[in-house]
Amino acid sequence: PEANGDADAGTPGQDAVPPLRSAAWFGEGATGGKLRAFSHRSRMRQLGYLPEEHLGKPVIAILNTWSDINPCHMHLRERAEQVKRGVWQAGGFPLEFPVATLSETFQKPTPMLYRNLLAMETEELLSSYPVDGAVLMGGCDKTVPALLMGATSAGLPAIVVPAGPMLRGHHRGRTLGSGTDLWAYWDEFRAGRIGECELAEVECGLARSAGTCMTMGTASTMTAAAEALGMALPGSSSVPAVDSGHHRMASASGARAVGLVREQLTPARVLSREAFEDAAATVLALGGSTNALIHLIALAGRAEVPFALEDFDAIGSRVPVLADVRPVGTHLMEDFHYAGGLPAMLAQLARVPGALHPDRPTVAGRPFGTYYEGAEVHEPAVIRTPKTAVAGEGGVAVLHGNLAPGGAVIKHLAADPKLLTHTGPAVVFDSYQDLQRRIDDPALDITPDSVLVLRGTGPLGGPGMPEYGMLPIPAYLLERGVTDMVRISDARMSGTSYGTCVLHVAPEAHAGGPLALVRTGDPITLDVPARCLHLDVDDAELRRRRAAWRPPAPHYERGYGALYSAHVAQADQGCDFGFLARPGRNPAPDPQ
Ligand code: FES
Ligand code: MG
């Protein structure tokens with residue numbers, strides 16, 4: 001089968017359905033129920049539907065994150081029509097719900113601030129309307145985790161339609177990748193090696209079509225994670241957004257949503273501990289984004305599955321990096337798709353004993369192993385075998401030490417190997433604005449051995465933990481040809497970034513973590529092989545500094561920001577809200 005979402009759609013018109021949740025709104029049969037059922041049916045007539053078009057059919061909510069402001073999702077308004085086609089054909093009744101769009105590029109201070117808001121919106125819409133199952137349409141970074149978190153808490157059968165990557169970028173005969181080449185050409189411009197005209201050309205060549213970033217950024221990482229969890233159809237995550245295969249995948253997913261309702265295959269039945277282990281192994285084999293650690297921990301919390309930072313490190317040590325896709329490799333998502341996509345890579349990963357759990361359920365209606373059994377690699381340079389792996393070990397390490405008692409994360413595969421064991425003097429910046437103001441100031445006397453520290457950029461301090469973690473290298477060092485330095489922050493980093501960047505330091509400085517106590521000149525030791533991040537200052541001195549530390553004023557006094565600040569967990573806990581992450585049921589609404 002082609003890698004565009006092959007599944008059993010269920011038999012159209014099939015009647016062996018468990019009682020539909022939506023029947024509580026409409027009543028059984030054409031005249032059943034009480035006054036409210038009559039009222040709801042009359043409103044369905046107002047919407048223009050005949051009774052036989054919807055009564056007794058599974059109602060499938062299509063949660064669509066399309067917006068004019070979101071270039072990664074600009075095709076989803078039209079693509080929802082193909083999802084509806086699939087729902088109708090399988091005997092369901094589709095209803096599209098526009099939900100918040102989280103555009104990684106445009107939304108400030110960062111869409112991470114709003115991931116939990118979309119998760120809440122998803123959960124509450126699914127809970128409060130006559131819905132039996134859901135299709136979750138998204139891709140741009142935070143949208144897929146948000147939709148999955150909400151749908152998991154709502155407890156209704158759901159399937160992800162990944163937005164799909166955009167086409168490759170082009171510039172003067174070179175292939176451009178999102179993010180990675182944005183930073184690279186900006187550095188070229190800052191170093192004076194290209195001019196304004198060429199910069200304007202790059203601007204037009206970087207992002208050529210609808211779709212998510214076509215490098216292995218957070219979007220491609222999280223849509224692949226959704227697929228590996230078993231929450232999207234096999235092969236669906238890499239279909240380019242503008243490929244007609246994307247239309248077919250959308251239709252197949254809509255049809256499958258109807259089957260999920262008939263089988264009552266809820267997220268709770270799919271999202272097992274094994275599913276998260278397989279998703280983590282997949283992310284690491286892809287050389288995927290560090291953001292996945294936060295999102296998968298948060299989603300595991302919603303699914304009531306124990307899953308921690310350390311699990312990623314343990315899984316990474318037995319999983320090779322098999323996808324040669326930027327920023328860790330050289331190719332792009334289009335290449336990955338034509339090379340066979342995720343099923344082909346999983347087939348290679350499955351050759352590592354114990355790497356995957358083939359027998360667990362998935363939304364495709366078949367065990368996970370059938371996703372990839374027999375899937376062929378068409379381009380061995382893009383999808384490697386364990387023997388020809390890009391790296392023998394997964395790309396993410398979890399660090400501990402007196403500077404990160406809750407843990408910190410480094411994507412060491414995207415780092416200069418010489419810097420993975422390094423001691424150097426700290427140069428501290430208290431905010432991103434402070435960093436922008438002073439980074440190029442020669443008076444700071446930053447050397448290639450310095451350790452750049454940025455704090456006040458965590459979940460509370462950022463606020464929203466922005467992607468500031470790839471701190472810029474001072475222009476005067478760039479001019480000397482320095483391309484990497486040790487950088488440490490409580491921020492996140494874009495999945496398309498690279499460099500020796502220690503991220504997600506927990507607890508963050510704003511919450512009083514040890515990062516708040518670092519002073520310029522303090523020696524810091526990074527030792528990735530030993531998984532250690534250490535501030536080389538004695539304990540008595542650190543106690544004195546702590547006694548003098550005063551918590552910064554909160555960013556928000558009212559509104560969603562205040563709600564966020566009161567409830568957000570630290571990075572090692574997935575940044576969910578405590579009241580959303582905890583188990584417990586809410587009463588189902590009585591529609592009558
Ligand atoms: Fe939307 Fe990268 S900006 S996926
Ligand atoms: Mg990103």
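Student: Which order do the strands of the four-stranded open sheet take?
Tutor: In this predicted model, the order is β2-β1-β3-β4, with parallel pairing. Strands here are DSSP runs of E with at least two residues, helices are runs of H or I with at least four, and both are numbered from the N terminus. Two strands pair if DSSP finds at least two bridges between them.

Student: How many bridges join β1 and β2?
Tutor: Six bridges, in the parallel sense, with β1 covering residues 59–64. To find one of them, look at Asn64, whose bridge partner in β2 is Pro98.

Student: Quick check on the numbering, please!
Tutor: Residues count from 1 along each chain as its sequence is written, while chains are lettered from A and ligands numbered from 1 in the order in which they are written. As this is a predicted model, local features need pLDDT of at least 70 and side-chain atom pairs count only at pLDDT 80 or more, whereas totals for chains, interfaces and linings use all residues.

Student: Now helices. How do α12 and α13 pack?
Tutor: Helix α12 (residues 273–285) meets helix α13 (residues 291–302) at an angle of about 170°, and their axes are 11 Å apart. So α12 is roughly antiparallel to α13. Axes are lines fitted to C-alpha atoms, for helices over the stretch in contact, and angles run from 0 to 180 degrees between N-to-C directions. Under 35 degrees counts as roughly parallel, over 145 as roughly antiparallel, 65 to 115 as roughly perpendicular and the rest as oblique.

Student: Which residues make that contact?
Tutor: Phe276, Ala279, Ala280 and Val283 come from α12, and Ala292, Leu296 and Ala300 from α13. Residues are in contact if their C-beta atoms, placed from the backbone, lie within 7 Å. Ala, Val, Leu, Ile, Met, Phe, Trp, Tyr, Cys and Pro count as nonpolar, Asp, Glu, Lys and Arg as charged, and the others, Gly among them, as polar.

Student: And α6 with α13, parallel or antiparallel?
Tutor: Helix α6 (residues 143–154) packs on α13 at about 10°, with axes 9 Å apart. The two are therefore roughly parallel to each other. On the α6 side the contact includes Leu148 and Met149, and on the α13 side His295 and Arg302 are among the residues. This contact has five nonpolar, three polar and one charged residues.

Student: What about the eight-stranded sheet, how is the pairing there?
Tutor: Mixed, in an open sheet with the order β7-β8-β12-β11-β10-β9-β13-β14. Here neighbouring strands are turned by 25° on average, direction ignored. Strands β8 (residues 407–410) and β12 (residues 501–506) pair in the antiparallel sense over three bridges, and Gly407 stands opposite Ala506 in β12.

Student: Which helix lies across β7 and β8?
Tutor: That is α14 (residues 309–316), which runs at about 135° to β7.

Student: Last one: how many helices and strands does the protein have?
Tutor: There are 22 helices and 14 strands. Along its principal axes, the C-alpha trace spans about 80 × 55 × 50 Å.

Technical notes:
Contact = placed C-beta atoms within 7 Å.
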